[in-house]
Amino acid sequence: MSDIFISYSREDRDKVEELAGLFENCGWTVWWDRNIPAGKRFAQIIGEELATARAILVLWSEASVASDWVKDEAQEGVNRGVLIPVLIEDVSIPYGFRQHQAANLKDWDGSASHPEMRILLDSISKLISKPKAAIDTARLGRRSLFSRRRMPLIIGASAVVLLAAALFVFMNSQRRGGPPAGPGNNNRAGDVAGTPTPSDGNRRSGQEARVTAAKLTADGINMASNGNNEGAILMYNEAIEAFPAYADAYFYRGQSYVITKQNSKAIADFRKVLELRPDADRQAKVEALLKDIERPRLPSVTITAPRSDSVRANVQKMFSDSKVSRIEATTKLIASGKQDANALSLAVAAAKADSKNKSGVINTLVLLESMDPEILRANRAEIDELLKLVNDNGPETQEHIRKIRAIMGG
């Protein structure tokens with residue numbers, strides 16, 4: 001478990017490295033995705049760190065406000081009450097996260113004595129209950145946040161002495177059996193040193209359950225992004241069993257239910273997400289999906305006329321680098337455009353143009369599987385052309401091809 005988890009967009013990597021160095025010199029442990037151990041799955045280790053970090057620091061920039069992953073990580077910070085937002089560029093923070101006061105590091109000079117940095121360090125210290133001695137005396141050399149230069153970090157001699165003293169006290173308490181200062185230390189006068197109170201055990205138990213749920217949900221997202229929604233549902237089921245209040249598991253399971261034509265179950269999951277009080281952005285997505293699912297359906301023989309640019313935008317998102325964006329776009333198209341030949345034509349054309357994008361192709365095939373047989377048969381020529389083009393994309397693609405051919409009747 002790290003003291004600080006830094007959420008950011010990869011375009012801001014250099015800025016993260018500078019901040020991480022400062023925090024580490026203040027005596028805190030910092031996690032960012034530079035250090036993923038060999039053999040560990042990306043989603044797994046991120047889920048573990050995100051669910052256990054004492055503070056989740058989110059860097060808001062032009063790139064990160066557009067990142068679904070950063071928003072998801074920020075939402076975890078909101079859910080756990082450990083979010084610390086930081087502005088590193090002049091941008092508007094996304095809805096759902098504006099109620100938290102953000103530190104303004106747009107003009108940070110790289111030093112620990114910068115006024116906004118002092119405020120940020122104080123906020124972190126209060127949240128994770130770490131000793132402030134090293135923070136109060138830490139002095140870093142001036143380094144521009146917007147520079148790629150790598151200057152050595154310089155800490156005053158007094159800071160080194162104080163940090164060493166803090167570490168000595170910490171190690172001494174560990175040898176005596178006493179826990180370090182922090183959220184897990186609930187010992188009171190008269191308690192046996194190192195003996196956790198019931199609230200400690202409950203906190204650890206809940207935290208471990210959340211870690212398990214996050215890992216299982218990440219596995220489910222990976223499966224769903226490859227078109228295996230049945231397997232994804234099993235992962236989400238296990239996540240909910242481990243931690244029944246984990247909103248993400250309901251949200252993504254609901255989308256897999258939509259894709260697998262289990263709308264009544266999807267409705268129940270989306271309503272559960274609303275009960276768990278999501279952020280404004282997610283609430284809007286869930287309400288839109290519920291509206292689409294619950295609206296009266298047109299007869300299956302009806303083919304709608306071309307609609308707004310929203311269909312085109314969602315088709316483009318099916319080929320996004322973000323697994324979350326791909327899943328949400330595919331779900332939206334299935335929920336709202338089941339009879340839409342325009343969506344079919346746009347998706348097939350996009351898949352032909354980017355036929356080596358296996359994830360985008362699979363999403364297109366999943367969309368086709370959800371459509372009524374009449375729609376598929378009416379567009380057989382262009383669909384057959386696509387299926388021949390992508391037949392060599394691997395076993396997952398071939399399985400979806402088989403399903404579509406069965407729906408069309410061979």
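A: On a 1 Å grid over the protein atoms alone, a cavity is a set of points where a 1.4 Å probe fits but cannot get out, and lining residues have an atom within 4 Å of a point. This is a predicted model, in which local features need pLDDT of at least 70 and side-chain atom pairs count only at pLDDT 80 or more, while totals for chains, interfaces and linings use all residues. Residues are numbered from 1 along each chain as its sequence is written, and side-chain values use heavy atoms, with hydrogens and water left out.

The structure holds 3 cavities of 30 Å³ or more, and the largest cavity has a volume of about 90 Å³. Here a volume is the space filled by probe spheres set on the points, with grid points joined across faces, edges and corners.

Around the largest cavity you will find D68, K71, D72, Q75, F97, D279, D281, R282, K285 and E328. Two elements, α3 (68-80) and α11 (280-294), each give two or more residues to this lining. The most comes from α3, with 4 residues. Such helices are DSSP runs (H or I, at least four residues), numbered from the N terminus.

Sorted by class, the lining has 8 charged residues, 1 polar and 1 nonpolar. Asp, Glu, Lys and Arg count as charged, Ala, Val, Leu, Ile, Met, Phe, Trp, Tyr, Cys and Pro as nonpolar, and the others, Gly among them, as polar.

Definitions and conventions:
On a 1 Å grid over the protein atoms alone, a cavity is a set of points where a 1.4 Å probe fits but cannot get out, and a pocket is an open set with protein on both sides within 12 Å along at least five of seven lines; lining residues have an atom within 4 Å of a point.
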